[in-house]
Amino acid sequence: MKRSITALIAATLVATTLTTTTASAAPAGHSKPVVKCEFTPTPENPAAKPVRIPSPVARAKGTVDVYFVTNYGPFVVRMDRANAPCGVHNFVHLVKSRFYDFTQCFRLTNSARLGVLQCGDIYRQEEGGPGYKFPDEVTGKETYPRGTVAYGNQGPGTNGSEFFVVHSHANIAPNYTVLGQVIAGMSTFDRMVAAGIADPDQDGPPAKPIHIYKVWSH
């Protein structure tokens with residue numbers, strides 16, 4: 001408990017030093033102030049936590065900062081509405097619905113091909129979404145350097161709540177919608193990686209659980 005309080009205070013201090021600029025998925029590079037989004041219910045995979053389907057209209061300009069407090073420390077992600085308006089709209093909706101509060105990140109990788117932390121799965125890896133899905137927002141030119149935050153998926157058009165943060169590199173196909181970049185707190189991920197992975201192939205559950213205590217946007 002003491003550690004979680006310390007992390008929360010640290011995140012608040014980070015927040016005071018930063019500023020925020022303020023369906024079918026529209027492609028990146030559009031100039032419209034809003035776009036329509038298509039959220040499709042998935043009754044075969046009902047919501048793991050109480051959450052409504054987001055509104056079908058999303059802002060397509062500006063950025064939003066999302067603050068995370070974990071048991072390894074805080075981090076901040078700046079999300080780009082212009083690049084992924086429906087994706088950012090959905091993420092902020094889930095944050096406001098407290099979908100990510102008190103959840104666990106079930107996958108950590110640190111291989112030559114992939115170094116990411118995967119979160120947003122409520123039950124276990126790739127299980128426990130929001131009860132709906134929506135299309136990708138990709139151009140085919142996406143890259144995923146250190147600090148990138150993007151949606152995970154189980155195939156085209158299956159975005160929901162799952163996301164990943166690149167802590168080193170991700171040599172993967174441009175099939176994943178980029179939400180934004182970590183702008184503070186990359187050392188938090190360095191500590192997670194240093195704690196180890198419970199798999200000899202360096203792709204599996206963290207050796208020590210990674211918990212997200214609180215997420216909010218501003």
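Let me begin with Lys214, which is partly exposed, with a relative accessible area of 29%; here buried means under 20% relative accessible area, exposed means over 50%, and partly exposed lies in between, with a 1.4 Å probe and protein chains only. Before going on, please keep in mind that this is a predicted model, in which local features need pLDDT of at least 70 and side-chain atom pairs count only at pLDDT 80 or more, while totals for chains, interfaces and linings use all residues. Residues are numbered from 1 along each chain as its sequence is written, and side-chain values use heavy atoms, with hydrogens and water left out.

What does Lys214 meet in a salt bridge? Its partner is Asp101, at 3.3 Å from N to O, where a salt bridge is a side-chain nitrogen of Lys or Arg within 4 Å of a carboxyl oxygen of Asp or Glu. Asp101 lies in the loop between α2 (85-96) and β6, whereas Lys214 is in strand β14 (residues 210-217), so the pair ties together parts that are 113 residues apart in sequence. The helices (H or I, at least four residues) and strands (E, at least two) that I name are DSSP runs, numbered from the N terminus.

Asp203 is partly exposed at 31% relative accessibility, while Arg107 is buried at 14%.

That brings us to the sheet, where 10 strands form an open arrangement in the order β6-β14-β4-β5-β12-β10-β11-β8-β7-β13, with antiparallel pairing. Two strands pair if DSSP finds at least two bridges between them, and, as background, strands of a sheet pair through backbone hydrogen bonds, either parallel or antiparallel. Which strands form the edges? They are β6 (103-105) and β13 (203-204), each of which pairs on one side only. Strand β7 (residues 107-109) pairs with β13 over 2 bridges, and Thr109 stands opposite Asp203 in β13.

Next comes helix α2. With 12 residues at 1.5 Å a residue, α2 should span 16 Å, and its end C-alpha atoms are 16 Å apart, which agrees; the expected span is 1.5 Å times one less than the number of residues. Because 11 of its 12 residues are buried, α2 is largely enclosed by the rest of the structure; among those buried residues are Cys86, Phe91 and Leu94.

Cys37 and Cys86 form one of them, with sulfur atoms 2.1 Å apart, and it links the loop between β1 (34-36) and β2 (40-41) to helix α2, 49 residues apart. Cys37 is buried at 2% relative accessibility, and Cys86 is buried with a relative accessible area of 2%.

A disulfide also joins Cys105 to Cys119, at 2.1 Å from S to S, linking strand β6 to strand β8 (residues 114-119), 14 residues apart.

How values were computed
Disulfide = S-S within 2.5 Å.
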